[in-house]
Every structure is written in C-alpha cells, then in structure tokens.
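My notes follow the order in which I checked things.

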Amino acid sequence: MNYQEAAIYLQEGENNDKFFTHPKNAKALAAYLFAHNHLFYLMELSTALLLLLLSLCEAPAVPMLRLGIFVHATLELFALIVVVFELSMKMRWLGFQTFIRHKRTMVKTCVLFVQFIEAIVVLVRQTSHVRITRALRCIFLVDCRYCGAVRRNLRQIFQSLPPFIDILLLLLFFMVIFAILGFYLFSPNHSDPYFNTLENSLVNLFVLLTTSNFPDVMMPSYARNPWSCVFFIVYLSIELYFIMNLLLAVVFDTFNDIEKRKFKSLLLHKRTAIQHAYRLLITKQRPSGISFKHFEGLLRFYKPRMCARERYLTFKALNQSNTPLVSLKDFYNFYEVVGLKWKAKRNREHWFDDLPRTAFLIFKGINILVNSRVFQYTMYTVVAVNGIWILVETFMLQGGNFFSRNVPWSYIVFLTIYGVELLLKTTGLGPVEYLSSGWNLFDFSVTLFAFLGLMALAFNMEPFYFIVVLRPLQLLRLFKLKKRYRNVLDTMFELFPRMASLGLTLLIFYYCFAIVGMEFFAGVVYPNCCNTSTVADSYRWVNHTVGNKTIVEEGYYYLNNFDNILNSFVTLFELTVVNDWYIIMEGVTSQTTHWSRLYFMIFYIVTMVVMTIIVAFILDAFVFRMNYTRKNQDSEEDNGIVLEKEITKQEVIGIIELYKRSSVPTETAQLQKIVLQMDKYGQMSTLFLGRRSRTKSDLSMKMYEEEIQEWYEEHSRKEETQTPSQEPAPAANSSLKPRSLRQRSQTVI
C-alpha cells in the first residue's frame, strides 16, 4: 500500500496542481519531495525578495542604501544561480516534456535567461545600462508557492480583460469624438491652452475623465461663452457617470461568473484527487472502503504532525455510516474534515463548578451579570459617553503640545470602568472562554493599550505618547449593536487575507512601473524645472525678501519624482489617487517628450483595471454574504464549523492495542490520557468537538448546493466517456516508486 502517492494526490487537489505534474518515477518523486517542503518554499521566497530589493541598491539607488556595482551585480548573480537550481529541481520532477508545457515555468525560464545575461554584462562592464527588464523580476515572486493567491488574482484580472477592453474601447471612442469636437469648438479661442491642438484635446479630455482638471479645463471657454458648459456636462455624463459605471457593472458580472467557475473547477479537481487517492488506499480484500489502518498511514504522510487521537477522530468524523470502512461517498468530505481541530468537551459547564458553594455562588452571579443585556448595554453607553468626551476634549485643544504632564481625570475614570469590566468578564467567563471571543480579545487589547498610555503619561515617557491616540478604538465596540454593522465587520475580516493578496498584486504592478519610471525619468524633475510648462508654479522654488523677512515660495511637486524606488512608489500612489495627477505628468512631459504621457495614461488604465477588480471583489463578497445570511436566517451566530464525535473507552483501548502491535508505542501517550480522564470521572465515553473557521468555500457549498449535484453528475458522465488510456493509472505509477519507500509505507502500522 503506497500511502505517500495517495497523499501527493490529495495535496495536488488541495493546491490545485495539475495532475500531469504528478511524479512518474523514483527520481521525479525525490525531486518532488525536495521541491515541496517549507525550506524550499522559503528559499524561493527569499531569492525573489532579494532580487526585488536589489532595486534599492542599484542606480538610481536610495542614497543611504547605495552599493557598488560589483557588490549588487554579484548578489544578483548569486540569486539567479539559486533560481537556476530551483528550476533544475522542477525539471527533474516534471520531466523535460512536461516542463516546457508549463507556461508559467517557461516564462520564468526566459526571464531568468535575460536577467542572467544582463547581470553578467553589468559585472563585466562595471557600469549600469538601461535595464527595463528589471521590471520582470516580479515573475520570480509571483511563481513562489506562498504567492498562490497573487497568481489567482492575476489570472482573474486577465480573464476579466476581454469585457473590460470592449467597454474601454467604447469609452476611448467617445473620447476621440469629443476631442475632435472640442478642437473645432474651442481652438479659435487663443486664450484656451487645453484645446489648441488635437493632441492637447485628447490629453485634457483623458485627464477630465478623472475629474483632476475640472473645472479648470472648462473655464477659458466658459468665460468666452457660457453655453460651452453643455459640452463638458454631456461629456462627463456619458463618460464618467454612464460608461465608467457600466464598466464596473460589466467587470462585476464577469468577476462573479469567474468566481463561480473557479469554485466549480476547484471542487471537481479536489473530487478527482480524492478518487485517485481512494483507488490507491482500497485493497482487493476490502474494495468497498478504506480501513483505519490504511487511513492512518495516509495521514502520516499528508499531515505528519497530526497526533494519533486526531487521526482516529478524523477517521470517525468521515465515517458517517459507522462501519469499519470509509466509503468513497464519505471520503469525498476529506478536505472539510481533515482541517478540524479536536478538543475534548469539558465535563463542567463553568470553570468554577468544582469550587466551594460560597465561591461558586459568587462566580455564578458574576457570570449571570456579564451575560445579561443590562450589563452589555451599560458598557455600550459608557463607550458612547467616552467617545463624546474624547471628541469634545479634542475639539477644545488649540494645537501645540497635546499631552500635558497631568493625567486627565476622565482618562482614569473610563480606564477604571474598562478595567472592572475586564476583571468581571475574566472571572465570570474564565480566561480561556473570555479570550476565545474575537471581540473580547479586541477589548482586552484596547484596554491594555489604554493602561500603557496612562503609564506613559504618568511617568512622562514621551516616546510612547502615541499609545494614547489609540483610545478612540474603543468606539468600534458600538458596531456590535446593529446586525448590518456586524455583517460589514465580519465581511471585512473575512476579506482581509484576500485584500492583502490584492494589495500585493497592486504593489507588483507598482514595482514594474517604478522600474520603468526610474529608467526614463530619474533626475528629470527638480525645483524650478518646468518653467515652460503650464504647471510651472507647482515646481517653482524661489525666495525673496519683503522688508526684513525672507519669504520662500515653494511648489512641492518636485518631490514627486522617480529618483529612486521609494520615491517612485510614493509618486505612483499619488497617481493612483488621481487628484492633480496631471501636474506630475505635465511636469515630466515638459522635461522629456510628449510620448511620456503614454506612461502615465497606461498606468492609470492598469490601476483602473486592478482597482475595479478590487471593488468588484468587495461587492461580490458582501453581496454573497448578504445572500447567505438571508438564506440561513436561523443561524444568527456564526461559530464556524463545529462537529461532535463521541468515542468510547473500548474504542480507545482498541486503538492503543493496535498501535502496540504495530510497534509504535510513542503514539499511545495521548490515548492513554483519554482513558485516565474517563476513569477519573467514571465515564464510559468522551465527547470531542472538532472546530475550524468557516471559509468562502464552505459558504459557496451552501449557496450552490443544488447546482453542485448537477456538477457532480456532469463530471461523472465525463469520466465515464473517457477512454482507459486517458485515465491516470495510479497502480502503474506506484510500481515505479523506490523499494525502500514502499517498505516504509507498509510498516507504518
């Protein structure tokens, strides 16, 4: 029985890896195992980050991080050699034919080749040259195992492009029409610099789409003829309020469809992986299911750190039919059950049940108090009063030093109330139950920071005064009052991991544009650089004397430059916000060529795509949760996935004997503790609770439960129509495994 190959199939299903990448022989298996461990993943990530961070040290470098050409070129070559090693292990695992079929890997190989040649040239010449290809270093980060969410985001962006491009072309078509019309209408007005050429008309209408130059772009023509405002009103109504919103609607609809298709694809992929693993785990003697012995052997490879107790509970949770074997129907729930964390259900309702009667009554009263609505709404009232007090107190400040040496009495009063609340809840609920709630953990953290802020004020520790500013965070507790607010916050917390991956995706685009910007625009803008431009005032730096005073007139826009990677990121963020972004564009254009505008316009379009995807994702997640809440109105509180399983003393003793016969005595310690616990309380069985947080996949399973059955039937029909040559042959593959590995698998139990 080859448990390891079955575990590999399940890992491929979980990671959405294609089955054609499955290791086919002993050498491929060794390379696969080497390339699928966290040390290898960390090496991949560290190498990618090193290559990206080299942009801090290469010209144009951040001044205090500048390195010599020999140093940064050597570091780059070292990192690229590590990437060569990573790819060689991947080729050894996949085989040459499969390797060249893997598109992302081939792109990475081509980028590696180009980077290698350029690094050698820089090292030999000892001077840097124009290296736009540095922007392609992001592929090394995107290809890391830990950046799977970023790859999914990029895939969704590319899949959303066709309808996006259709609407974008419509938007640009109207823009060209209005640019021609504006040129003919307003170019006779020599005092209007916005429409004196067709190029200026196009550029300024593009900027007008972002409202960055409105109403400035309208005023010269409006001053000459008030009816000219109709042109701008119609343009903005069509382009900004109709087509841009239509763009969001189309992207949202496409995104929603892609999310559903992605869920379906992943669900069926996992189902196929489970089928492959199941075929490997059944035997000729027992073809109807998987025994505990074989299931336990599987988990030793799939989750090596899982203890014997959790392995048995996972088997029991899967085995819905309560037979000695897990059927294929039960095994389909493998991914949902294997992530559960098991804990024995407490024999006592409260932590103080075993205390003497007097102490029990005291703590029972505290428990009833902290769980009462009166106590909760009293604390909400205190928080609201505290918020109003902070607002009034802040409004009365006149600037300067906000922190006096004397601690305000209101600070002490409210902190004392919060401290008493924390003490009552900790004693009434017990520390473990109190800290198991996210809201209680938040209350504890804010109260702790408030206490640290009090210490900072009392002992005049100025570097820690910033902690005092965190006091208003207590007001977030008021969001628990209304269900809609709770849904918003729950959605926000659920979205946080995905939003982090979307933020990283946006940073990758930033990095690419920052590299290109540095190569073409480094050192271009500086004080008083754009005197021939219409935005010269924003870059002007002059000082003149008025009486006895020297007055400095400074336009700060020269700080928005591409002189190093950090400045470039700040500049690109300002361009993303689009407020007065045309000033940066025109400043750079006045110092270079008119073609420079293409860089800024393309950046705006790219960020518009990414930001539209982000907005569509937030809308989809919130609407999805609202629909799920309406469909499941009975479940007011979402405590995640909870599963109860009872195991008897006889079962535990039987498992202990099984491990002893299998010469694995170290596994029995936790199981013996369960027996001792049962003996202590005179019980014949123990109830265990398996918990895990609810994921988007769980919500999708509930929302699409009717369609899922149709998907399964369609998937089964496709499998039946496949020819035997197209189906995987796990048994044939298993014969290619090393003899030592097969023996190791057989002696697990």
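I started with Cys-138. Is Cys-138 buried or exposed? I find 6% relative accessibility, so Cys-138 counts as buried. I note that this is a predicted model.

Next I looked for a partner. The closest cysteine sulfur to that of Cys-138 is in Cys-512, 3.8 Å away. A disulfide needs the two sulfurs within 2.5 Å, so this distance is too far for a bond.

I then checked Cys-144. Cys-144 is in no disulfide either; the nearest cysteine sulfur belongs to Cys-147, 5.2 Å away. Cys-144 is buried, at 0% relative accessible area. I searched the whole structure and got zero disulfides.

**Surface**

Which residues form a nonpolar patch on the surface? I list Leu-435, Leu-441, Phe-444, Leu-448, Phe-449, Phe-451 and Leu-452. Together they have about 590 Å² of accessible area. Helix 20, residues 438-458, gives the largest share of the patch, with six residues.

I picked out Phe-444, which is found in helix 20. Its relative accessible area is 32%, so Phe-444 is partly exposed.

**Whole chain**

I counted 31 helices and five strands in the protein chain. Of its 749 residues, 44% count as buried. The accessible surface comes to about 40,000 Å², and 64% of that belongs to carbon and sulfur atoms.

Conventions: Residues numbered from 1 in each chain as written. Predicted model: local features only at pLDDT ≥ 70, side-chain atom pairs only at ≥ 80, totals over all residues. Heavy atoms only, no water. Buried < 20%, exposed > 50% of the residue type's maximum accessible area, 1.4 Å probe, protein only. Patch = residues over 30% accessible without salt bridge, like charges linked within 9 Å, V, L, I, M, F, W, Y side chains within 5 Å. Areas by Shrake-Rupley, 256 points an atom, 1.4 Å probe, with all protein chains shown as cover. Salt bridge = Lys/Arg side-chain N within 4 Å of Asp/Glu carboxyl O. Helix = DSSP H or I, 4+ residues; strand = E, 2+ residues; numbered from the N terminus.
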